[in-house]
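My notes follow the display.

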Amino acid sequence: MNRTTTHDVSVLREVLDGWKAAVDAHQPDRVAARFTEDAVFQGLHPYSVGRAGVAAYYASQPLGMTADYRILETRRPADDVLFGYLDVDFGFTDRPTLGVKLGVLLQRTDEGWAIAHYQVSRPD
């Protein structure tokens, strides 16, 4: 399994920059479009499978929520699969920032790279 490379960081950033822009704009369907059709999604609520669950999760988030991320690690377990491990700070207008760890597994599809697995955990 290969460790972090500049190319892998670029791929991860391209996908996550689109995710972040959609989260910051409170556009749940646009967030969900960054995921595969059968993505396994685990936010801080019960998990879901598929884009509809991702869209519903982000639709339930408060207006003004933002996401800032820092890539900590990447791994390439296969040519068409990329793992990323990140620090993410979700900012809110009415409460303190929530810092979490995020693991994402990207999969290369016919349309490009998309999130196939997303798992958030609290570091505490």
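Is Arg76 buried or exposed? I work on a predicted model, where local features need pLDDT of at least 70, side-chain atom pairs count only at pLDDT 80 or more, and totals for chains, interfaces and linings use all residues. Residues are numbered from 1 along each chain as its sequence is written, and side-chain values use heavy atoms, without hydrogens and water.

**Arg76.** I find Arg76 buried, because its relative accessible area is 13% (buried is under 20%, exposed over 50%, partly exposed in between, with a 1.4 Å probe and protein chains only). Arg76 sits in strand S3, residues 66-78 (strands are DSSP runs of E with at least two residues, helices runs of H or I with at least four, numbered from the N terminus). I followed the side chain of Arg76 to the backbone oxygen of Asp79, at 2.7 Å.

**Val40.** I looked up Val40 in strand S1, residues 35-42. Val40 counts as partly exposed, because its relative accessibility is 33%.

**Cavity.** I count one cavity of 30 Å³ or more (a cavity is a set of points on a 1 Å grid over the protein atoms alone where a 1.4 Å probe fits but cannot get out; lining residues have an atom within 4 Å of a point). The largest cavity has a volume of about 50 Å³ (the space filled by probe spheres set on the points, which are joined across faces, edges and corners). Its lining includes Ala22, His26, Pro28, Tyr58 and Met65. Helix H1 (6-24) and helix H2 (28-32) are the elements that give two or more residues to this lining.

Conventions:
A polar contact is a pair of N or O atoms within 3.5 Å; within protein, one must be able to donate a hydrogen and the other to accept it, and residues adjacent in sequence count only if both atoms are side-chain atoms. On a 1 Å grid over the protein atoms alone, a cavity is a set of points where a 1.4 Å probe fits but cannot get out, and a pocket is an open set with protein on both sides within 12 Å along at least five of seven lines; lining residues have an atom within 4 Å of a point.
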